[in-house]
Each structure stands twice: as structure tokens, then as C-alpha cells.
Amino acid sequence: MEQTKNYFHLHLISDSTGETLMAAGRAAAAQFQSAQALEHVYPLIRTRKQLFAVLDAIDGAPGIVLYTIVDAELSAIIELKCRDMGLPSVSVLEPVINVFQTYLGAPSRRRVGAQHTMGEEYFKRIDALNFTLDHDDGQLPADFDEADLVILGISRTSKTPTSIYLANRGIKTANIPIVYGVPLPQALIEAKKPLVVGLIASVERISQVRQNRVLGATPGYQGDHYTDRALISEELKYARSLCERHNWPVIDVTRRSIEETAAAILALRPKWR
């Protein structure tokens, strides 16, 4: 019997994009299975006028308040107003910044959006994203040796979303579909630079995902072979054999999120290097 969930408001106030807050809030909320957060995200809050409008909205839907505001005056206003409303509020970054200041013996710059500056790392991510989009689904195989990573897998093993996620970390990623009986591009076999990783999943998982795709396909699409479990099993055996032949590591994504799959791949990189 499914447990009834209690809903609560989670207010996330940021002077930047709010990504840090969303990650922290969702990670914490995920630890409470009986509760479901109703997120209210307020990004780019940098003035008193903006902040007071947010606080009015919070007063109308009381809940937990998390914030990343580097301006001391605005932070103090949040603390004071939340105290008046009887609501819990937490500055997510402040304890971490204090630890850094104590250890490094230097004050922080208190610069809004410092992690999003358009420096070398930013342009590295943009370059990786462009490369990854250009090399999705086996495109431009002649360039595979320019990749940091090549992901292989049969259809519906989450190659593309994993590639894009990793590209956003600055990793040039190409992905190639494994088709039963079809040899891989010779350019991949000869590539020396990239780490090559195969993705697999259970027959049941792939069949289910493919069935959902067939349901949304255009009228007349024949998906019987695409979702046949016996044929999927053969595809997976073929994928495994290719990876074993070339000594490429394999990751089972059956119970992994995109983020978990990416983390498993990143864990392989130091060993491969």
C-alpha cells in the first residue's frame, strides 16, 4: 500500500541561478519519503525591493526557507523576517564559507555568482557541449580521437543524456549506438585518447523504456522487434562481447540515474589514465 505523502512548501532564494540551492534542497528532501516538497525558486534576488516581494510570497505559503545570498544586509533581512513569521531559514553557503575563511586565513570576496564567471572553465564547458552535440549518435566518427570520452550502448541506455550531463562538466563526449551485427567505426577502434565505456541495462528495463517510446511514435510505426525481449537479450550479449573484446569497461544503468551513471564513469577516468 502506497504511503500517503505530506506536502510542504520549500522556498529557495538565490542571488544567482539557484542551482546550488535546488541541489541542496532536493538532496535533503529526498531523505523524507513521507514528505513531498513544493518548490518555489526565486533566482537573481539582489535588491531589497525584489527580496520584500519574495518574502510577501513566502508569508502567503509558509514553509522552509533556504537561501544563498552573499549580501549581508539582505541575508539579515531574510533572517529577521523569517523569525517574525516563525519560519525556519538556513543560509546554505555561509557555514561552508566560514570554514574556508578559517582554514585559509582570508575573508571571502562576497561576489554574487562567482561560480558562474565566464573564465577558462566556462568556455571549456561550452566547447565540450558543442563537441558532444556534434558527435551525438555516432556522428562525425573521424573526430573520435579528439573526445575525452566515448559512450557505447544499444538503444535506450541513456547515452545522449549522460553525454550531455558530462559535457556540462567540461568533458568532450561522443556516443555511438550499438546495433546488433553492425561493426563499430574503425576510427573508434584506432582512437588512443578517449576512455570508451559501454552502457547496458536489464532486458526488462530496456523493453519498458522502448515500449514507452513506441506508444509515443507516429501512427503505423512497427515496434514489435524493437521491444521484443529475446531480441533485446541478443543485443545486450552483442554489446557485452564488443566491450570484452576491446577491454572496455561496462556500466549497468538499470537502477542508476543519469547523475549516478556519470559519477560511475568519472570514477573510471583516473584508473584508465
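Predicted model: local features only at pLDDT ≥ 70, side-chain atom pairs only at ≥ 80, totals over all residues.

Before the helix pairs, a reminder to myself: a crossing is right-handed if the near helix is turned clockwise from the far one by less than a right angle, and left-handed if anticlockwise.

**Entry 1: α2 and α3**

I started by asking which way α2 passes α3. The crossing turned out to be right-handed. Next I looked up how the two helices pack. Helix α2 covers residues 48-60, helix α3 covers residues 72-85, and their axes sit 11 Å apart at an angle of about 20°. Angles under 35 degrees count as roughly parallel, so α2 and α3 are roughly parallel to each other.

Then I wanted the residues that meet. From α2 I noted Arg-48, Leu-51, Phe-52, Leu-55, Ile-58 and Asp-59; across from them, α3 brings Glu-73, Leu-74, Ile-77, Ile-78, Lys-81 and Met-85. I sorted this contact by residue type and got 8 nonpolar, no polar and 4 charged.

**Entry 2: α5 and α6**

Another pair, looked up the same way. Helix α5 is residues 120-134 and helix α6 is residues 159-167; their axes come within 8 Å and cross at roughly 160°. Anything over 145 degrees counts as roughly antiparallel, so that is how α5 runs relative to α6. I checked the handedness here too, and the crossing of α5 and α6 is right-handed.

Who meets whom? On the α5 side I wrote down Arg-125, Ala-128, Leu-129, Thr-132 and Leu-133, and on the α6 side Ser-163, Ile-164 and Ala-167. The residues of this contact divide into 5 nonpolar, 2 polar and 1 charged.

**Entry 3: positive phi in the loops**

I went looking at backbone angles and stopped at Leu-140. Its phi is near 50°, a positive value in a residue other than glycine. Leu-140 belongs to the loop between α5 and β5, the latter being residues 149-153. I have it down as partly exposed, because its relative accessibility is 45%.

Ser-158 went on the page as well, with a phi near 65°, again positive in a residue other than glycine. I found Ser-158 in the loop between β5 and α6. At 21% relative accessible area, Ser-158 is partly exposed; the cut-off for buried is under 20%.

**Entry 4: Pro-194**

Where does Pro-194 sit? I traced it to the loop between α7 (186-190) and β7 (195-200). Its relative accessible area is 5%, so I marked Pro-194 as buried.

**Entry 5: cysteines**

How many disulfides does the structure hold? I counted 0. Cys-82 is buried, because its relative accessibility is 0%, and Cys-243 counts as buried with 2%.

**Entry 6: Thr-227**

Last stop was helix α9, residues 224-227, where I found Thr-227. Is Thr-227 buried or exposed? It is buried, because its relative accessibility is 15%. I then listed its contacts, leaving aside neighbours within four places in sequence: Ser-207, Arg-210, Gln-211, Val-214 and Ile-232.

Notes: Residues numbered from 1 in each chain as written. Heavy atoms only, no water. Helix = DSSP H or I, 4+ residues; strand = E, 2+ residues; numbered from the N terminus. Buried < 20%, exposed > 50% of the residue type's maximum accessible area, 1.4 Å probe, protein only. Contact = heavy atoms within 4.5 Å. Axes fitted to C-alpha atoms, helices over the stretch in contact; angles between N-to-C directions. Parallel < 35°, antiparallel > 145°, perpendicular 65-115°, else oblique. Nonpolar A, V, L, I, M, F, W, Y, C, P; charged D, E, K, R; others polar. Disulfide = S-S within 2.5 Å.
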